[in-house]
Amino acid sequence: MAAIFQYEYMQKAFIVGILLSVIIACLGTVVVHKRLSLIGSALSHSSLAGVAVGLLFGFSPILGAVGACLIASFFIEGIRKKLPAFSELAVAITLSIGIGLAGVLSGFVKNASSFNSFLFGSIVAISSFELYLAVGLSAAVLLIFLLMYKELFYVSFDEQAAALSGVPVRLINFIFTVLTAVTVSVASRTVGALVISSLLVVPVAAAMQVARSYKTTILWAILFAFLSTVIGLFISFYVGLKPGGTISLLSAGFFFLAVAMKMTSGKIVALRQKGALQ
Amino acid sequence: MPEIEDAVLVDGLTFGYSDKLFLKDVSFHVGKGDFAAIIGDNGSGKSTMVKLLLGLLSPVAGTIRIMGNEVKQIRDFSKIGYVPQNSGDSVARFPASAEEIVLSSLYRQIGPFRFAGKKHREITRKALELTGLSEYAKTMPSGMSGGQRQRLMLARVLACGPELLVLDEPTVGIDSDAVDQLLSILHEINISEKVTILMVTHDLAKIAAYTNRVLCLSEKHFSEEDLPTGTVVHIHPLTHDHQYEHVHCASCPKPHITEDCAACKHQRDGGK
């Protein structure tokens, strides 16, 4: 066995990292196609406000993060419903409130290091409770995502047409909002609040460069998120870098690689067509 | 129970807000099997009319009946196919194959929280074939032309087996050949699948040959010379006293003179 896997904390890091990368990529595909790419940032920053409240009043910061994320996501959904043309504005407003609250409340937190661990995560310091939480959450998210696959596709594609076809749009949006909020909260403890937003969007953006269908977009996004996490953990262990940041940078690297692959394949097709014409 | 003659029956329809009315006392009907068009100036209320027909807006006064049922009572819209304005453009960047996009429209047939089966894939294949997109089943909309994307949106609603097809400006933003191809497909569907079609359009010249009924919704009336050959019902959206009906004969682009072709039938009956 490689030296890295001899450490229990690294085994936990790999299990949690891989599981989260899979479910974040699944949720991210819907988030991006609903044109709510910034929702990850808004929720993760709001979760920080919840963490601060938890640390201030002496209850679980993860619970605080889940509560704050839920409030923030229902706030976004509420504005989206009332002002459908301004959904991006709703995300930006929530993001501002989240950052503002987190900034103000963090000033009152005595143990700054415990608050900071939520900023960039502490994937190499996962407790057994957090491991079980991540496993349970991943199983639940994957199962619900598979069951609602058709519904989520339709709602992302055209919410109005979905409603006319009998899709329970409000229920689907509600379940999806809760899933995203809970996932962001749990992931903020491990990969970090500032990294979760990029993991929610960048692997999907990379997948969209190479995929040829909705299904393959999800599969590519999972692959990119998985590779970013696994390679990121290896690099951080052997080179001594911060895991959250390394994972985030690697996912951006995969995005540029996917763009390069697309451009190259486009040029090859163009050259072939030119050759065929001659 | 007597057979319902009208696919759409609008009676005394008024819509607007306290400070502004958009439609006032508008009445018209579209018979079963008709290929009807709503034409009119920008802002005359064409798209508003479509939204009212689909129950997406509620009228201030008047009634709308679709296939004999009052719109506000309809819960199942699966027999009414709707292709919204600019739908081809809106789908352009969605990363799904044509097959996946059409398959998603079969929600009612597949059922909630279930997966599509062989039967649903066969319906999808037929809808793509009917719209001339068989070879694009695995292609994403970004790899299609504007006309092909518009036909893809048509395939989505056709897959559900609609009795009434409502299209909001489907010819906008596509080239002349693509418009001809789309209208030709709609004409075939109107005849072979016996689907009633109601289309909002600006394209008077193009629709002339295909429709058997044209509803003109405009503040300034079109002169008779400007109007296409077909049944024309002028409806003033605000001053109902200008409302009148004028009948023309339709000229079918493919004069096959069959019982099923609404345009031919209309021509044969002398425009009555």
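How far apart are the end C-alpha atoms of helix 2 of chain A, and what span should its 19 residues have? At 1.5 Å a residue, helix 2 (residues 39-57) should span 27 Å, and its end C-alpha atoms are 27 Å apart, so the two values agree. The model is predicted. Chain A has an average pLDDT of 86, with 97% of the residues scoring at least 70.

**Chain A**

- Helix 2 of chain A is mostly covered, since 17 of its 19 residues are buried.
- After helix 2 of chain A comes A:Gly58, which has a positive phi near 75 degrees.

**Chain B**

- Chain B contains nine helices and 11 strands.
- Chain B has 272 residues, of which 45% count as buried.
- Among contacts in chain B with a separation of 6 or more, 63% are between residues 24 or more positions apart.

**Contact between the chains**

- Chain B gives 17 residues to the contact, and chain A gives 17 residues.
- On the side of chain B that touches chain A, the elements giving two or more residues are helix 3 (98-104) and helix 4 (107-110) of chain B.
- That side of chain B is made up of 10 nonpolar, four polar and three charged residues.

**Nonpolar core**

- The largest nonpolar core has 158 residues, and B:Leu53 and B:Val166 have the most contacts inside it.
- Helix 9 (residues 169-210) of chain A supplies the largest share of this core, 21 residues.
- Apart from its neighbours within four places in sequence, B:Val166 is in contact with B:Val50, B:Leu53, B:Leu54, B:Ile80, B:Gly81, B:Tyr82 and B:Leu198.
- In soluble globular proteins, nonpolar side chains tend to be buried together.

**Positive phi at non-glycine residues of chain B**

- B:Glu169 is not a glycine, yet its phi is positive, at about 45 degrees.
- B:Glu169 lies in the loop between strand 7 (164-168) and helix 7 (176-192) of chain B.
- B:Glu169 counts as buried because 20 other C-beta atoms are within 10 Å, and the cut-off for buried is 20 or more.
- B:Lys194 also is not a glycine and has a positive phi, of about 55 degrees.
- B:Lys194 lies in the loop between helix 7 and strand 8 (196-200) of chain B.
- B:Lys194 counts as exposed because it has 12 C-beta neighbours inside 10 Å, and the cut-off for exposed is 12 or fewer.

Notes. Residues numbered from 1 in each chain as written. Chains lettered and ligands numbered in written order. Predicted model: local features only at pLDDT ≥ 70, side-chain atom pairs only at ≥ 80, totals over all residues. Helix = DSSP H or I, 4+ residues; strand = E, 2+ residues; numbered from the N terminus. Expected span 1.5 Å × (residues − 1). pLDDT = per-residue confidence, 0-100. Contact = placed C-beta atoms within 7 Å. Nonpolar A, V, L, I, M, F, W, Y, C, P; charged D, E, K, R; others polar. Core = buried A, V, L, I, M, F, W, Y, C linked by C-beta atoms within 7 Å.
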